[in-house]
Amino acid sequence: MANDAHDPKDAHEMSDLEVRKRVISLGFGGDERLFIAFYRKLQQGLPEGTGIVLRGSVITNKRHEDGRPFDAEGVGTSDLDVTLVGKKVMDAWNSDAFYIPALHTKPLCDEDPAIAPSLSPLRTSLQELAGRPVNFQATANLVLYARDVLFGEAYYMVVPPGDNA
């Protein structure tokens, strides 16, 4: 079945609709309303114009660490990697929490919850809503594009960044 979310098809060869279906199936148990509630809550908790992107194994259905499928350890065990696109949202990160200053942050996750303290409550509430770990990283559009083109890291643009992002 070509539209099956668990199809091994490469995300780069899929339409946006196919990728969206995969995201909803894998990350949200097939519940589109939960997916919409997730991104709306996220959007409401971020600076205006922030882009919202999903990356990682929820897109590829292949874990980076070992190549196993999303949730290979059981339902809710794989995380959602949320990339936030925009200058304003990067201000939430501590100045020493960047891989590339002013362009690409380190991830806000359970291992490093204090690097973007104002976003920690939002991340916690999203984890409760989704029933799985959620990680945030902020980046510039240029870096997002470069990671896709240079490194083949597919992503799904949930909400495009605003003009001044």
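Helices (H or I, at least four residues) and strands (E, at least two) are DSSP runs, numbered from the N terminus. The model is predicted: local features need pLDDT of at least 70, side-chain atom pairs count only at pLDDT 80 or more, and totals for chains, interfaces and linings use all residues. Residues are numbered from 1 along each chain as its sequence is written, and side-chain values use heavy atoms, with hydrogens and water left out.

**Surface patch**
- Y99 is placed in strand β3, which spans residues 98–100.
- Y99 counts as exposed, at 52% relative accessibility; exposed means over 50% relative accessible area, buried under 20% and partly exposed in between (1.4 Å probe, protein chains only).
- Together, Y99, I100 and L103 make a nonpolar surface patch of about 270 Å². Patches consist of residues with over 30% relative accessible area and no salt bridge, with like charges joined within 9 Å and nonpolar side chains (Val, Leu, Ile, Met, Phe, Trp, Tyr) within 5 Å. Accessible areas come from the Shrake-Rupley method with a 1.4 Å probe; for residues, only the protein chains shown count as cover.

**Aromatic pairs**
- The structure holds three aromatic pairs, where rings of Phe, Tyr and Trp (its six-membered ring) pair if their centres lie within 6.5 Å, and planes under 30 degrees apart count as stacked, over 60 as edge-to-face and the rest as tilted.
- F28 and F35 form an edge-to-face pair, 5.3 Å centre to centre with 65 degrees between the planes; both F28 and F35 are buried.
- Ring pairs join F28, F35, F38 and Y39 in a cluster.

**Positive phi angles**
- Most residues other than glycine have a negative phi.
- N61, although not a glycine, has a positive phi of about 55 degrees. N61 lies in the loop between α3 (57–60) and β2 (80–85) and is buried, with a relative accessible area of 14%.
- A102, also not a glycine, has a positive phi of about 65 degrees. A102 is in the loop between β3 and β4 (104–105) and is exposed, with a relative accessible area of 59%.

**Salt bridges**
- The count comes to nine salt bridges, each a side-chain nitrogen of Lys or Arg within 4 Å of a carboxyl oxygen of Asp or Glu.
- In the salt bridge of K9 with E18, the closest N and O atoms are 3.4 Å apart; K9 is partly exposed at 24%, whereas E18 is buried at 11%.
- R63, D66, R68 and E73 are linked in a salt-bridge network.
- R123 and D110 meet in a salt bridge of 2.9 Å, N to O. This pair links distant parts of the chain, 13 residues apart: R123 in helix α5 (residues 120–130) and D110 in the loop between β4 and α5. R123 counts as buried, at 4% relative accessibility.
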